[in-house]
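Take a look at the chain below, first as a whole and then in parts. The report that follows goes through it topic by topic.

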Amino acid sequence: MVVPNVCLTPSLLQAEERGNFVEGGYNLSSTVSPRSNSLALFATLSQPDKSKRVESSYASHIFISSWDRPLSDSRRKLISDSFVTMTKFNKSKAEHRTGILDEVFSEEDLIWFNGIVDEYMLAVKLHRDRLDDQDPWPEVAVARSENMYAILGLFQAMHVPSNGSLSGLIGEELLEWLNVNFVAPDSEEAIELQKLNAPWDNDKFWNYLTRCILRGLTRGALIFVERLQKHPSRLLWQSAETLSILLKSQPRSTKYSTEHDFFVAWRHWKNRVIALKKQMEQVSDEEGRNWLPWMLEIVRIMEGDKSAIKRHCQYYTEGWKEVLCVWGVWVDVGLRRHHIERLLITILEDMPLDTTLPEENIFAALFSGQIGEAVKRANTFDIWLAAHLVDIMQPLGLLIEIEGADLSIREHFLLSYAEYLLADPSLWRIAVLYMCECGDEGKLRADEVLSRIPLELGQSKGKGKAIVQNDDMDTDGESPLDKKVQEILEICKEHGRESVRREICQIAARTFIDLGHYYLAISYYTSAEDWTGVGRVVDLMLAKSLSAGPKDFVASVLEIAPTLQHPSSYSQLNTRRRLAFLVKYAEFCTRWSAGDIHDAAWDIVTMFREELVPKSWWGILLKQAGELLVHDPEVMPFDVSEVFELLRRLEEVQTRAAQGSGLEYLSALILQIKEGGEQEALRHLESVRLALARYFARCSVLAVGGRGQIIAE
C-alpha cells in the first residue's frame, strides 16, 4: 500500500528537529500488524555515528496508526447487532433455494430474504437513533446512516419485496421507499399553515399541497383541499370539492386483488381527472385567480403529465429519484421492475445525476440493475454496507463471479470487512467468525488471527479447571484464569480449526507452566495431544516433590482433573505410564505421611513391578524403600518376594553405574541430596543394600511368609 504521508498525533518530532533526526542516523521505519489494519511507526538507526547522534525521546517511541477510523460505541453496537443477523442468515439459508443466477425464487423464499434485510435496516435505524444522543451531534455520521438505511430499503424493494413477487407492479413500493427515506413536504409547514384562517394566501401553501398530492400523501392533502372549500372564489371551492372526491377515490394497486381490476378502475378514474382538467382549462385567468395555475398543475400531475411532474420535482434535492418513484403512481401505473432501467435513462437526460455524491451513484446503480457497480460504490461509501449487501446478493444469484478468481465476490468483501473490524481489538471474535464464513482462505486468515490473540492468562485471580482430555470429551469448566482461552478454543472447535486449536493449547500450557499451574498445563497439553509436553509437566511436578516436599507435590497432583488421574484412556503408552507413576507416587507420599507403612511399601513394589517408575527415579524409590525398612523395627513392611524385587532393581542400578551409566538411574536422587554427585548417591544405595540384607536375614530367621506377618516355628 502506498501512503503519500502519515500524520502522527502527537508528532514524532518537531519541524526544527528534522535535521538532527537525519544527521543523527535515524530513519523512520514501519511494520504492518498481522492482526488489523494498523501500522507501527518508529525511529531506527541507519548508521552508528555517535558523534552526530542526538539523543531524543523519539528514539524510544512507537506510534500505532490505523487507516480505519476509531469505532464509536454506537458503531460497535451496529456491528454486533448485524453480526447476530448475519449468523442467523448463514445458518438458515441452506433451507432456501439460493445461489443460482436468474433462478426464480418462491414467494416464501423472497419474504424470508426480505425479513433479513428488515433486521439489517432495524440495526441501522437504532444506530441512527443513538447518534442523536451524542454531543456534539455527528452530522456526517447521521447522514451516512440515513443513506445506508435508504440503500438497504431500495435493495429490498427492487430484489426482495415484502409480498414475495418480483413480477408485480412496483409503483407503490417505490413511492413508499421515497416517502420513508426522503420525507417531504415538511410537517412543520403543515402545522404553520393549519394555524392560518386563509392558508391559501401564504406563499408556501400551494407548493405544500402540490407536493403532498405528488407524493400520494392523500390524508395530508385532503386537509387543505377541504379548507379550499371555504375560499371566497366559488369556482375554486367547487373545483376543490371535485378534487377532494377524486383524491378520496384514487385507485391504489395495493387495494386490489387483481391487476385487471386495478387497471379498469384506474382508467375510469383518470377519465374523471381529464374531465376536471378540461373544465379548469376553460376558466379564464382573470385578476385575482392566482390559484388557477396551481390547480391546473395539480390536475396535470394527477393525469400523469410527464412535463408537469418533472417541472415540479426539478427544484428539490430528491430530483430524479422523486420523478422515478412517483412515475408508477401517476404516469405509468403498470410499471414493473424490468422497466426501470430504461425509464431511468430517460429521466437522467433531463435531470442529470450528481456523481460527486456516492449515495446517488449507489441509488442509480440499484435502480438500473447494475449490481456490480452498486457493490463497488457501496464499498467506498461504507464497508459495513458492502459486506452485508453481498452476503445477501450471493445466495440470491445476483453476483456475476470473476472467472479464475481465488475468492468469490462475497468472500472478498466479507474478508475486507473482517480486517476492518480488527482495527478494534475487542471485536476479534466477530472478525474471526466473518472470516470463517469465507471458505478455506477465510479460515486460514482466521487461524492467523486466532493464533495471535493475547490469551491474558494469569491476569486475574482465581483457579482454573482442566479442560478436554481427548476428542471424546467436551470442555468441562471455565475459570477467571483461562476463560478467554476456552472461548478461543470453542470457536476453533465450532469451525474445525484443529491445528490452530492445538497450537493455542500448547501456548496456554507453556504459560501455565511459567505460572506454576501444572494442573492446567497438563490439561492443555493433553487437549493438544502433545504427549511430550505432558511428560515435561510430569517431570516438573516430580521435581517439585524433590524441592518443595511431598505435601505441596500431593496437593498439585490432586488438582489434576479425575480424568487425567486415570491415564488408561491415553493412546500413548509412555504418557500413560508417566501419568500413572505421578498418581501412584502421590498416593505413596500420602500413605507414608499418614504412617500407613504397609500400603506405602506395597505402592513402591507395585510401581516397580508394573514398570511405572522412570529409570531416573529408581534411586529415589530404592532410597525410600530403605527408609521404610528401618522406620519401625516392630513392623515388617515387605515379604521375601518383595525384598528380592528390590534387590534385583538395586543390583541393576549398581551394575549400570559401574558401566558408566549411573546418571540414567540416579539423576533424581542426585538432585535430592544436592551434594556429592553420583558417588554420594551410590553411597546412599549401599546403605539401602545393607538394610535389605539385614531385613532379608531377619525374614529368614523369623520365616516371614507375608507382609507384616510372623509365623512361629
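## Helix α17

Q394 has its place in helix α17. This is a predicted model. Q394 counts as partly exposed, at 28% relative accessibility.

Is H388 buried or exposed? H388 counts as buried, because its relative accessibility is 1% and the cut-off for buried is under 20%. Leaving aside residues up to four places away in sequence, H388 touches S82, Y120, Y417 and Y434.

## The chain as a whole

The protein chain holds 32 helices and five strands. It has 713 residues, and 50% of them count as buried.

## One face of a helix

Helix α25 spans residues 550–558, and F553, V554, S556 and V557 are buried there. Where do these buried residues fall, seen down the axis of α25? They fall within an arc of 160 degrees, so they line one face of the helix. The face turned away from that buried side carries the exposed residues K551 and L558.

An α-helix has 3.6 residues a turn, so residues three or four places apart point the same way.

## A cavity

How many cavities of 30 Å³ or more does a search of the whole structure find? The search finds one. The volume of the largest cavity is about 70 Å³.

Its lining is made of 13 residues. Nearest the centre lie E172, S253, F262, G328 and V329. Three helices each supply at least two lining residues: α5 (171–181), α10 (259–281) and α13 (319–330). By type, the lining divides into seven nonpolar, four polar and two charged residues.

## Cysteines without disulfides

A disulfide is a covalent bond between the sulfur atoms of two cysteines. The count of disulfides here comes to zero.

The cut-off is within 2.5 Å. C505 also has its closest cysteine sulfur in C492, and the distance of 8.2 Å is again too far for a bond. C436 is buried, with a relative accessible area of 7%. C505 counts as buried at 0% relative accessibility.

## Backbone exceptions

Most residues other than glycine have a negative phi, and most peptide bonds are trans.

P136 is in the loop between α3 (107–132) and α4 (139–159). P185 is in the loop between α5 and α6 (187–194).

E611 is found in the loop between α28 (597–609) and α29 (618–629), and it is partly exposed, with a relative accessible area of 41%. K674 is exposed, with a relative accessible area of 71%.

Conventions:
Residues numbered from 1 in each chain as written. Predicted model: local features only at pLDDT ≥ 70, side-chain atom pairs only at ≥ 80, totals over all residues. Heavy atoms only, no water. 1 Å grid on protein atoms, 1.4 Å probe; cavity = no way out; pocket = protein on both sides within 12 Å on 5 of 7 lines; lining within 4 Å. Points joined across faces, edges and corners; volume = space filled by probe spheres on them. Helix = DSSP H or I, 4+ residues; strand = E, 2+ residues; numbered from the N terminus. Nonpolar A, V, L, I, M, F, W, Y, C, P; charged D, E, K, R; others polar. Buried < 20%, exposed > 50% of the residue type's maximum accessible area, 1.4 Å probe, protein only. Arc of directions from axis to C-beta. Contact = heavy atoms within 4.5 Å.
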